[in-house]
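Work through the exercises below with the sequence and the model side by side, and try each task before reading its solution.

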Amino acid sequence: MKNVFFTFLLSAALLGGTAFTASAQQGITMPAASPASTVTQKVGLGEISVNYSRPSMKGRSIYGGDVVPYGKLWRTGANASTKITFSDDVTIKGNKIPAGEYALYTIPNQNEWTIIIHKNTKHWGDGGTEYKQEEDLARFTVKPQTNPRTVETFTINFTNVKPASTDLEILWDKTIVSFTVEAEVDSKVMAQIQEKVVNGKDVQPGLYAAAASYYLDNNKDMKQALDWMKKANANNPRFWNLHTQAKIQAKLKDYKGAIKTAEQSMELAKKENNADYVRMNEKAIAEWKKQK
């Protein structure tokens, strides 16, 4: 009886083929061929997030071959189209991109790539016949660069992160493609300073310090910055705020005052065992003494 049952199973396997194999594999968990990944970066006052799948080379020739043919629309990854989400409005290559979720498509070529921000996020893969160019929000071109090292697994990341911008970088094989995403920061911060510091009531030291630091970092009105930082340090001076005040004074070429404030900052930093600020103040004082 057992032999008859075994013969039946074997015949079913030979006849059923794929169906039998699929059934036998039910319940087996295996690594994904192109695992999903999400990369997120704070930029300006908002956030950029990219959700994509990551295929690997596996000995294949990537660009200009069967994997990613030149001149054809590509999902910029594997599986579903790559999604890019902006929590705030941004600008890319002169294109205004409202906050929201978009599909990130590309058209790779040997000497130039077309980058596409597409409004329809429902397409699977490259979209096929359902993809409509009129649903593109923006198209722009970038020049690919040669990577000195081979990247086995398709990668999207963020580099050159600055207060109001970052570069989105696409890497695979020996190719790098990148473009800059810019966020509007200054007008939003200045509006907050106007509301909470200039027009604010019972302004706390932390707000004065934040406004003064922003003015210093962005080379705005140094006299106003100094006034705010002195108010921040009036009743409970902290070594980091005194260090900032010293830098503002130096910007105003009051090197004598800057040195005196930096010495105060250094003494407080020593009491609180903060070696970093002791070192920064020592270096600043040495530089400012040369300017006297």
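This is a predicted model: local features need pLDDT of at least 70, side-chain atom pairs count only at pLDDT 80 or more; totals for chains, interfaces and linings use all residues.

Residues are numbered from 1 along each chain as its sequence is written, and side-chain values use heavy atoms, with hydrogens and water left out.

**Exercise 1. Helix 8**

Task: Compare the span of helix 8 with the expected one, and find which of its residues are buried.

Solution. Begin with the element itself: helices (H or I, at least four residues) and strands (E, at least two) are DSSP runs, numbered from the N terminus. Helix 8 covers residues 275–289, 15 residues in all, and extends 21 Å between its first and last C-alpha, close to the 21 Å expected at 1.5 Å a residue, where the expected span is 1.5 Å times one less than the number of residues.

Next, take burial, where buried means under 20% relative accessible area, exposed over 50%, and partly exposed in between (1.4 Å probe, protein chains only). The buried residues of helix 8 are Val 278, Asn 281, Ala 284, Ile 285 and Trp 288. They lie on the same side of helix 8, because they cover an arc of only 135° around the axis, the arc being that of the directions from the helix axis to the C-beta atoms. An α-helix has 3.6 residues a turn, so residues three or four places apart point the same way. Among the elements covering the buried residues of helix 8 are helix 6 (239–251) and helix 7 (255–271).

Finally, look at the start of helix 8, where a side-chain oxygen of Asn 274 comes to within 3.3 Å of the backbone nitrogen of Asp 276.

**Exercise 2. Helix 5**

Task: Determine what the buried residues of helix 5 pack against.

Solution. In helix 5 (residues 222–232), the buried residues are Met 222, Ala 225, Leu 226, Trp 228, Met 229 and Ala 232. Viewed down the axis of helix 5, they fall within an arc of 165°, so they line one face of the helix. Their packing partners are helix 3 (186–198), helix 4 (205–217) and helix 6. At the start of helix 5, a side-chain oxygen of Asp 221 reaches to within 3.1 Å of the backbone nitrogen of Lys 223.

Not counting residues up to four places away in sequence, Gln 245 touches Leu 226, Met 229, Lys 230, Asn 233 and Thr 261, where contact means heavy atoms within 4.5 Å.

**Exercise 3. Aromatic pairs of Tyr 63**

Task: Describe the aromatic pairs that Tyr 63 forms with Trp 74 and with Trp 172.

Solution. Rings of Phe, Tyr and Trp (its six-membered ring) pair if their centres lie within 6.5 Å; planes under 30 degrees apart count as stacked, over 60 as edge-to-face and the rest as tilted. The structure holds 14 such pairs. Tyr 63 and Trp 74 are edge-to-face, at 6.1 Å centre to centre and 85° between the planes. Both residues lie in the loop between strand 2 (46–53) and strand 3 (82–86), so the pair ties together parts that are 11 residues apart in sequence.

The pair of Tyr 63 and Trp 172 is also edge-to-face, with 6.3 Å between centres and 90° between the planes. Trp 172 belongs to strand 10 (residues 165–183), whereas Tyr 63 is in the loop between strand 2 and strand 3, so this pair ties together parts that are 109 residues apart in sequence. Tyr 63 and Trp 74 are buried, and Trp 172 is buried too. Tyr 52, Tyr 63, Trp 74, Trp 113, Phe 154 and Trp 172 form one aromatic cluster.

**Exercise 4. Cores and strands**

Task: Which residues have the most contacts inside the largest nonpolar core?

Solution. A nonpolar core is a set of buried Ala, Val, Leu, Ile, Met, Phe, Trp, Tyr and Cys residues joined through side-chain atoms within 4.5 Å. The largest one has 33 residues, and Phe 86 and Phe 179 have the most contacts inside it. Strand 10 supplies the largest share of this core, seven residues. A second, separate core of 19 residues includes Val 185, Val 203, Ala 211 and Ala 225.

Val 151 and Met 57 are 94 residues apart in sequence and 8.4 Å apart in space, C-alpha to C-alpha.

Definitions and conventions:
A polar contact is a pair of N or O atoms within 3.5 Å; within protein, one must be able to donate a hydrogen and the other to accept it, and residues adjacent in sequence count only if both atoms are side-chain atoms.
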